[in-house]
Amino acid sequence: MIWIGDVLVSQGEGGVYNERMLGGARVWDPHRSKLSALYHVGRGIELTPGMRVLYLGAANGTTVSHVADYVDVVYAVEFAPRPMQDLLEVSRRRKNVIPIMADAARPEQYAPLVEAVDLLYQDVAQPEQASIALRNCSFLKTGGILVLMLKTRSVDVRKEPAEVFQDTLDALISAGLIVQESVWLAPYHHDHAAIVCTKPEV
Amino acid sequence: MQSYWFGDVGDGCCTLFIGDSNAIIDRVRSISANMGSFVPLEWEKAVLCGACRDRIDYLSRLQAVCIAAAERSIREQYSRKDAELLQMVRTLDEIDTVINLLSERAAEWYLVRHPAFSRKYRRTPAHVLVKTMREKSKGALGSVAAEIERLAETRTTLAKEVSARANDVMPNTSALIGGLVAARLLSHAGGLLFLSRLPASAIQVLGARTALFAHLKTRSPCPKHGIIFQHRRVHNAPRDVRGKVARVLAGKLAIAARLDYFRGVVAPEFLDAAQERIDATGRRSEP
């Protein structure tokens, strides 16, 4: 990852969302992007130029655009039409963003479009976040990495965030994933946690 | 055999999909894999197939197809009749908020200019006060008041359009609770599809989110009604049966919304029975 002092940046064409530029690089704001927050509060995972990424819950494509600056290709899945309009605009300007309008809970619909990937990144506001991640693990290479941005309030507002966090960890571990890191994204994002797992060899 | 966007691959052979750009968009949108026996796509297969020259070519072709497919999906979703109604009713509710905010502020301003003026013991409706302010104030305050009046006119026009559109898009729901309230239900649910999928209990408390979650988290009583309170048969019902009317009405609305989504035309036999049932609930407990 590229840091200028303690500012995380990415190299690429700027002006996607009026982001600040620093020495010709795009500042990746941890308050806006949960992935950037992960790099600030935890270790995260090193994005490398050869990586292929499946990004679930691409939304308006702001974080997507930063990830795309680092990696080979990003398959960006988004369901809602309004953010998709913005994501399409990002794709038109970035050759390595493949926008897919589909429901992340139904991977069979976009499986014929997506390669096996090194990184599966998920940031969806759904109750069934663990099961969506597990279903999409079919796309993950052996040794590949899952980064799950857990929105605890989307799972169940009545439950304590810590409880949702533990339940999700249990679900991922019992499905055979190896948890590398699990951190809360405070102070950047409240009630959001990041879980980094690897897919072991079978 | 595995079907990918560019063609079918199996047993060492590969059949390239042949078709114009529309055909391939249709293929991308309708294709589906069996996740049980799914083999992840390898882009090299596309080269062997003759779909592309190299990886750069592969990605640019795939991107073009995906963008076109997404554009078409967006267009389809936006052309549904409820998409515009959603924006119309949300604009209407926001204009209301703006009118209220501006009138309150303008009234405060007017009070400073006229220290002897007070609204106490006078039944001055807001629009009359705004008219007075426009006529009696010079400069910016006068034009703010004029602006409020103009917004109010826009609001009236828009409200008529919302009602008319709601009668067209959701005829059964509108027949039960009126176009405006029906449109507000639609706006809170996020669309006719989502409204038609809601259970009656959710429709009953749609718009009472704070009270509902307060109830779920603490021991506060559950809300009896949300937006549907705006309908006369709910707010005019005697207090002791209001909850019952709301429940029955919500039950009928859930059916009406499904009729609207799947049939899209008025169902008189349903409406007659439903109206009768709702009216009967409101009457039953009267002494």
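## A bridge in the sheet of chain A

A:Ser182 has A:Ile195 as its bridge partner in β11(A). This is a predicted model, where local features need pLDDT of at least 70, side-chain atom pairs count only at pLDDT 80 or more, and totals for chains, interfaces and linings use all residues. Residues are numbered from 1 along each chain as its sequence is written, while chains are lettered from A and ligands numbered from 1 in the order in which they are written.

β10(A) and β11 (residues 192–198) of chain A run antiparallel, joined by six bridges. Strands pair if DSSP finds at least two bridges between them. Strands (E, at least two residues) and helices (H or I, at least four) are DSSP runs, numbered from the N terminus.

## The whole sheet

The sheet is open and has seven strands. Their order is β7-β6-β5-β8-β9-β11-β10 (chain A), and the pairing is mixed. β7 (97–101) and β10 (178–184) of chain A are the edge strands. Each has a single partner strand, so one side of each has no neighbour in the sheet. From one strand to the next, the twist averages 15 degrees.

## Helices on the sheet

Helix α3 (residues 81–93) of chain A packs on the sheet and touches β6 (73–78) and β7 of chain A. Its direction makes about 155 degrees with that of β7(A). Angles run from 0 to 180 degrees between N-to-C directions, and axes are lines fitted to C-alpha atoms, for helices over the stretch in contact.

Chain B reaches this sheet too: α3(B) lies across β6 and β7 of chain A. It runs at about 30 degrees to β7(A).

## Where the chains meet

The contact takes 29 residues from chain B and 26 residues from chain A. Residues are in contact if their C-beta atoms, placed from the backbone, lie within 7 Å. On the side of chain B, α3 (55–79) and α11 (209–217) are the elements that give two or more residues. α3(B) supplies the largest share, 13 residues.

By class, this side of chain B has 20 nonpolar, six polar and three charged residues. Ala, Val, Leu, Ile, Met, Phe, Trp, Tyr, Cys and Pro count as nonpolar; Asp, Glu, Lys and Arg are charged; the others, Gly among them, are polar.

## Domains of chain B

Chain B is assigned domain 1 (2–79), domain 2 (81–168) and domain 3 (170–287). These bounds come from an automatic or database domain assignment. The centres of domain 1 and domain 2 of chain B, taken over C-alpha atoms, are 54 Å apart.

Definitions and conventions
Contact = placed C-beta atoms within 7 Å.
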